[in-house]
Amino acid sequence: MIDEHFGLTARPFQLTPDPHFWFETATHRKAMVYLSYGLAQEEGFIVITGDIGAGKTTLIGHLLETMDRTPFHVVQIVSTAIDAADLLRIVAAQLGVDTAELEKAQLLLAIERGLHAVARTGKRTLLVVDEVQALPVESLEELRMLSNFQAGGHALTQIVLLGQPEFRERLNHGTGLEQLRQRVIAVHHLDPMEEEEVADYIAHRLALAGWQGRPDFSEEAFTALFAASGGVPRRLNVLAARVMLHAAVTGEDLIDGDVVRAVQADMAADLPGAAVDASPTAPDHAIPDAEMTRRLADLEARLQEQDQALRRVLTLLVDWVEGDAPAPRLGQRARAA
């Protein structure tokens, strides 16, 4: 409904990471510098951390889209607490290695042969592991072992680790990770965007979605959006999408601070706690990461349901206006939408 009402060609504030909507904040610019430096070393580990919704997956997607991939064979893994054996089998499978009935020692040899086969094509393997904070120490140790494989004095693989802030704490202070820690050549933590970056971020995403000036945003609206989201891109997207929906339903063409705060209050009523001030200066109000992820998923599902309900209502109204059908009666759910 938002797209059609405002004449947009895409959803500007979708939650699914999309490198097409890449926006370079100061912290993302630094992350790209560290990634470029790390890749130039052709060995070791590069670690990028950030809160849920900080843009880690979008960052790596942008990197892979814009870098020269000719020298690389890229293997991507999203971790879900994978144990060591399963992690090795996933890596092997992405190298085209048949892992059937292989014991660990045989599996490691098979992976090494697979890495050598990639190297003979003139490439090195770039292994990207997302959600690395979920990996047990044993799995992280297997990644370190993979980084040992060499040919002619050159590493056969380089590894990028993406994770939440707790992984940085584990890496710095956790036991059993000393050897991995020594192999890290570049580290960066993605901070939330600054308040002055919010207006450009919103304008950038709207422009990519075909925005023609409707709805417009006041300066106070950007201040309110930052205050409610803490500058975290995903939280900002959730709130901005809901604000756009509100504007489409009410017919408003100017979104100001009062509109943003009203929508924030509605979100807090729908999902208590989901729309509180999430800024780093208010840790007492912070929501646990897993709970925030669940609530964001619930909110997106609810928005989709409301969008579908509104579409049905508009279709009934159009049929009534253009035809001879009796006036439709709005059900409780449609009125709520």
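Helices here are DSSP runs of H or I with at least four residues, strands are DSSP runs of E with at least two, and both are numbered from the N terminus. The model is predicted, so local features need pLDDT of at least 70 and side-chain atom pairs count only at pLDDT 80 or more, while totals for chains, interfaces and linings use all residues. Residues are numbered from 1 along each chain as its sequence is written, and side-chain values use heavy atoms, with hydrogens and water left out.

The protein has 14 helices and 9 strands. Of its 337 residues, 47% are buried, meaning under 20% relative accessible area with a 1.4 Å probe and protein chains only; exposed is over 50%, and partly exposed lies in between. Take contacts as heavy atoms within 4.5 Å. Among those between residues at least 6 apart in sequence, 75% join residues at least 24 apart.

Now to helix 10, residues 219-229. Which of its residues are buried? They are A221, F222, A224, L225, F226, A228 and S229. An α-helix has 3.6 residues a turn, so residues three or four places apart point the same way. The cover over the buried residues of helix 10 includes helix 9, strand 8 (216-217), helix 11 (233-250), strand 9 (254-255) and helix 12 (257-270). Just after helix 10, G230 has a positive phi of about 70 degrees.

Last, E194. Where is this residue found? E194 sits in the loop between strand 7 (184-190) and helix 9 (198-208). E194 is partly exposed, at 44% relative accessible area.
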